[in-house]
Amino acid sequence: MSEVVLPALNMVDLAGGVAPAPVRIVERRLADMAHYYQDQDAVAALLEENPFIYRTYISHDPVGGCGLFAGTTVIEPGRVGDEFFMTKGHHHVKEEAPEVYLTLRGQGRLVMQTRAGDVEIQAMAPGSIHHIPGVWGHRTVNTGDEPLVFFAVWPADAGHDYAAVEQKGFRQLMFAGADGPAVVANPAYEGM
Ligand code: S6P
Ligand code: ZN
C-alpha cells in the first residue's frame, strides 16, 4: 500500500507575514543583490548598514510528492536612491509552471516579463490575487511605507532561473516619482 501524505498546517501572522514554523527561510540583504539596483552611489552609501530587503518563509514544501510549495514573502519598506526595495525576480525553469500570489499587507507592484520582453505590471494591495502564467518572469516591489507581505503557491517542479534577470534585469523598474510610484525604462535592458 502506498504511504499516505499527511496534511500540513501552518499559520501566518497576517500583520508581519511570518510563518512561525517555516520549513526554511530565505533572506536577502542589500549586499546579496547590490548590482540589481541602478544607483550604485546609493548602494555604496547603504552597504555598511546592509539592510534586509526581503525574507521568504517557506511554510510548506512538497513532502511526499504533494506537488506544491507555499511561502510568504515580506519586503521591507525602503529605497536605494529612488528605486524601491524589491525581490531579485526570476523565471520558472519549467515554462508551463504557473504561480499564484495573494497580497496580505502593504502596497506594491508585481512586475512580470516574458523572455521576449513583453511586460505586465499589476498593483498589489491587501486582497489582490495574481495568477502568473508560467512564461512570465516575476519580481515584486514594495512601493509603500510598511512591509509588503504576500503569500505564494507554486508547483514543486517549477525550478528557479535567476540568471536571465541577473544579466539583463527587467525592462521596467519602479522608482519613487513626484506623484508616487513611477515606471522607469531600464536603460541597461534597452541597451542590450
Ligand atoms: C517562488 C515565488 C516567491 C519568491 C520570493 C522571493 O516561485 O515566486 O516565493 O521566491 O518572493 O523572490 P525571488 O525572486 O528572490 O525568488
Ligand atoms: Zn516564482
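Biologist: What makes the pairing of the side chains of Q122 and H130 a polar contact?

Modeller: Their distance is 2.7 Å. A polar contact is a pair of N or O atoms within 3.5 Å; within protein, one must be able to donate a hydrogen and the other to accept it, and residues adjacent in sequence count only if both atoms are side-chain atoms. The 2.7 Å pair therefore falls within the 3.5 Å limit. This is a predicted model, in which local features need pLDDT of at least 70, side-chain atom pairs count only at pLDDT 80 or more, and totals for chains, interfaces and linings use all residues. Side-chain values use heavy atoms, without hydrogens or water, residues are numbered from 1 along each chain as its sequence is written, and chains are lettered from A and ligands numbered from 1 in the order written.

Biologist: Why is Q122 called partly exposed?

Modeller: Its relative accessibility is 25%. Buried means under 20% relative accessible area, exposed over 50%, and partly exposed in between (1.4 Å probe, protein chains only), so Q122 at 25% is partly exposed. Q122 lies in strand β9, residues 119-124; strands (E, at least two residues) and helices (H or I, at least four) are DSSP runs, numbered from the N terminus.

Biologist: Why does N50 count as buried?

Modeller: N50 has 18% relative accessibility, so it counts as buried. N50 sits in the loop between α1 (40-46) and β2 (52-60). Its phi is near 45 degrees, a positive value in a residue other than glycine. Most residues other than glycine have a negative phi.

Biologist: How do you know which residues coordinate the zinc ion (ligand 2)?

Modeller: Donors are N, O and S atoms within 2.8 Å of the metal (3.2 Å for Na, K and Ca); water is not among the atoms, so sites may look incomplete. H90 (NE2), H92 (NE2), E99 (OE) and H138 (NE2) coordinate the zinc ion at 2.1 to 2.3 Å. Both H90 and H92 are buried.

Biologist: What makes the arrangement around the zinc ion (ligand 2) octahedral?

Modeller: The six donor atoms subtend angles of 70 to 175 degrees, which makes the arrangement octahedral. Six donors count as octahedral if opposite donors are over 155 degrees apart and all others between 65 and 115. Ideal angles for six octahedral donors are 90 or 180 degrees.

Biologist: How many helices and strands does the protein chain have?

Modeller: The protein chain has three helices and 15 strands.

Key:
Four donors count as tetrahedral if all angles lie between 85 and 135 degrees; four count as square planar and six as octahedral if opposite donors are over 155 degrees apart and all others between 65 and 115; anything else is irregular.
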